[in-house]
Amino acid sequence: MSQTIYLNGEYINRDDAKISIMDRGFLFGDGVYELIPIYNSKPFLINKHLQRLRSSMELVGMRTSSGLTENLEQIMLELISRNQYVNHFFYVHITRGYQSSRNHIYSEDIKHTILIMGEEYKVFSREKLENGFKGCVREDFRWMKSNIKSISLLGNVMLKNYAAQNGFYETLLIRDNKLTEGSASNIFVVKNGQVMTPNLGVELLPGVTRDLLIELFRKNNIVVEETDVTEDDLLTSEEVWCTSSTNYCVPITEIDNKKIGKGNVGDYSYKSYDLISNFISAL
Ligand code: PDD
């Protein structure tokens, strides 16, 4: 089915969209992105996503105008209407833009490339969680600016594919004996009955789903500690789950073929899924 996307000021068919090989996003991975779910034809937590996009742009020295977020929101609403999106997601990709010669040093005045496109999207059903998912642990060898949602995702791609090629759902990352995040998700654990998630910092993405879940837990009087989680804490915990905009809560019941807790999906994992799905249903 033909799809209308937005590219640099134009609404065009996805199959007709072209960018130059001189785009710095193509040559250097010089750009940032967001992935924004659409539920019932409305972009989900759009302000939080656009705030993080602006912050990513600022952190890599890209220009931001005062009306940027309002413009992007307008474009998304237009795409929802043109494509009749219901349960989809937006991929928003902004590169530093076209530069006429390949040079690590960017020109200050080049125009950013802006691409927004949608795709169909299905969240895991509650039933799908019941058997749990398998995870594995690897060293986090990515750069020390993983708080930026950069389009340069080679490290994440390698780590996620390690999981996929070895029969795991997600790779959980350890740096200096501490859990940082998953290759494409944030991680929560329950240890001695306490819900914990790694502190924010340059080692991990400030996930919108992570943030929402912490807020929902706290509203329900469940304490969440944002703290260091060691590899040992992770491997001896009672529950582990991943959060992300694509699959909001995925319980990990085995890590490197060893059971987490009793090897079943635990109460807090279900609670996380339910809190998020009830929040979405109430929108
Ligand atoms: N990624 N950490 C990493 C490295 C991620 O790639 C993601 C999500 C998250 C979770 O962030 P959020 O809850 O805001 O989606 C954490 C998206 C879904 C992606 O790249 O496709």
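Domain bounds are those of an automatic or database domain assignment. On this basis, domain 1 (4–119) and domain 2 (127–281) both contribute residues to the shell around the ligand, so the ligand lies between them. The structure is a predicted model, in which local features need pLDDT of at least 70 and side-chain atom pairs count only at pLDDT 80 or more, whereas totals for chains, interfaces and linings use all residues. Residues are numbered from 1 along each chain as its sequence is written, and side-chain values use heavy atoms, with hydrogens and water left out.

Around the ligand there are 19 residues, of which Tyr 33, Glu 181, Val 208, Thr 209 and Ser 245 come nearest (a residue is near a molecule if one of its heavy atoms lies within 4 Å of it). By residue class, the shell comprises five nonpolar, 11 polar and three charged residues, where Ala, Val, Leu, Ile, Met, Phe, Trp, Tyr, Cys and Pro count as nonpolar, Asp, Glu, Lys and Arg as charged, and the others, Gly among them, as polar.

A polar side-chain atom of Glu 181 lies 2.7 Å from a nitrogen atom of the ligand, while Ser 245 places a polar side-chain atom 2.6 Å from a ligand oxygen atom.

Technical notes
A polar contact is a pair of N or O atoms within 3.5 Å; within protein, one must be able to donate a hydrogen and the other to accept it, and residues adjacent in sequence count only if both atoms are side-chain atoms.
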